[in-house]
Amino acid sequence: MRALKSAMKRCWSGLNEATRPVNPELVLALSRRWEELPEAARTPAQLLGRRTTGCEGTHGVFPRCNLACTPCYHSREANRVSVDGAHTIAEVDRQMAHLRAVRGPGQHAQLIGGEVTLLAPEDHAAALAVMRRHDRKPMSMTHGDFDYEYLEALAVGSDGQRRFDLLRFAGHFDSLMRGRRGRERPTKEADLDSARRSFVAAFERLEAEHGVRHDLAHNMTVTPRNLGQVADVVRSCLDMGFGMLSFQPAARVGNPSRWREDYGAVTIDAVWREIERGVGTRLPWRHLQMGDARCNRSAYGVSAGQRWVPLLDDHEPRDLRARDVFLDRFGGMDFDRSPAVVLGSCMRVLARHPAVAPVAVGWAVRFARRVGLGGLCSRRLRGMTFVVHAFMDADVVQAAWTAQENWVTPDDPEVRAAMERLQACSYAMAHPDDGRVVPACVQHAILDREENRRLLTMLPMAGSNQ
């Protein structure tokens, strides 16, 4: 009897832990992140410090890329650094350990540097496994110019067993890129539509043959040269199978020899208008904010073929009330766990806060009406998020970071604004040696060049072992 009671106690303890709505470590990390935000960023719409501590990325793990892009955010030294799997795995491990300690569990992290598929499939798989071990949700960032055989070798071991149940990848496709096989010098965005479809088709084949599910994003750099084609890209990609379409107005960061245009002419508002033109409807975004509105803009919803419907309408007070209740009661709850665990966690929230139920039902009814019966019954209904992420030019980042490091309030309003944006940054990178997490703009504008120079002394020159 005593053994049975002990077993039941352990079972109950395990169930209690598994269905805990939010990990206590994450609760503390969220609280710290909220306190770090500038006062102006602490709004009811803010997700940092309430829902997430922010997105994360690796740096200095494989700087080299085999395409030539205009602009290119890499320093001139990046392509002289060799791709070394052992270095990548060890450095990813150090960076993820630091992020896990500082920012809590369950956060999204990008395996990013140069081109991730220059890693051998075994090394790529090992790096993803390390990220998962540190309770990150990894996404591999690629230009998408690789063969199905590489993807299969990444996902499936030599024993024929799949290594992953789910792979997250972001493919970068735009006409500013040079050297893609079969499309070396595209003249317009439409020239890359077949490459976009092939990218998605490779993951669909992987799922059909090996049961490895996928979550895919599409990235595109925007300059005055291709701004007017953003709407066409959106229309083409709506039904391709991507779950996110992300656009980045170009910034003067990285290699100056690859700066060709007046990038300041492309604003976050201008890109957003083009996305809306492509979707054919208004994209609500003011109700949910990730970091600073001058850096990020997102619209969350679902698509059914060529039709897009928002999860929340920022003009609907009842939807704003539903947002507030969700963030207050569910906070950083991880919905990527198994359905049974998520259901158990939701039931615990409802048991403690029964007033959540009528708000949730009301939102569900409104959302169902927006989608319509045809959409609800459609087998093509899936999540679709639109994002614009605006990096800052290197010169203003340098000035703002110097002021921030010296605890100085800049007189220049542009530098002061950049400093506020850095403090509210939603995309950061780990520096375990000095115990810091720095904004990605600082990494690319200030730290990358010296880091790549150091790597040249640590690793063989590119080409010597390729």
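Which elements each supply at least two residues of the lining of the largest cavity?

Modeller: α13 (413-423) and α14 (440-458) do, each with at least two lining residues. Some ground rules come before the details. The model is predicted, so local features need pLDDT of at least 70 and side-chain atom pairs count only at pLDDT 80 or more, while totals for chains, interfaces and linings use all residues. Numbering starts from 1 along each chain as its sequence is written, and side-chain values use heavy atoms, with hydrogens and water left out. Helices (H or I, at least four residues) and strands (E, at least two) are DSSP runs, numbered from the N terminus.

Now the cavity. The search uses a 1 Å grid over the protein atoms alone; a cavity is a set of points where a 1.4 Å probe fits but cannot get out, and lining residues have an atom within 4 Å of a point. Points are joined across faces, edges and corners, and a volume is the space filled by probe spheres set on them. One cavity of 30 Å³ or more turns up. The largest cavity has a volume of about 90 Å³. Its lining counts 13 residues, and the closest to the centre are Cys295, His389, Ala390, Cys425 and Cys441. Nine lining residues are nonpolar, three polar and one charged. In that scheme Ala, Val, Leu, Ile, Met, Phe, Trp, Tyr, Cys and Pro are nonpolar, Asp, Glu, Lys and Arg charged, and the others, Gly among them, polar.

A pocket is an open set with protein on both sides within 12 Å along at least five of seven lines. The second largest pocket has a volume of about 620 Å³. It has 21 lining residues, with Arg33, Glu36, Gln404, Gln423 and Val437 nearest its centre. The classes here are twelve nonpolar, three polar and six charged.

Next, the sheet. Eleven strands make an open, mixed sheet in the order β10-β9-β11-β8-β7-β5-β4-β3-β1-β12-β13; two strands pair if DSSP finds at least two bridges between them. β10 (307-310) and β13 (436-439) are the edge strands, each pairing on one side only. Neighbouring strands are turned by 30° against each other on average, direction ignored. α14 packs on this sheet and touches β12 (427-431) and β13, and its direction makes about 35° with that of β12. Contact means heavy atoms within 4.5 Å. Axes are lines fitted to C-alpha atoms, for helices over the stretch in contact, and angles run from 0 to 180 degrees between N-to-C directions.

With β9 (296-304), β11 runs antiparallel, joined by nine bridges. Ser298 stands opposite Val387 in that pair. Further along the sheet, β4 (136-142) and β5 (166-172) are parallel, with three bridges. Met141 is the bridge partner of Ala170 in β5.
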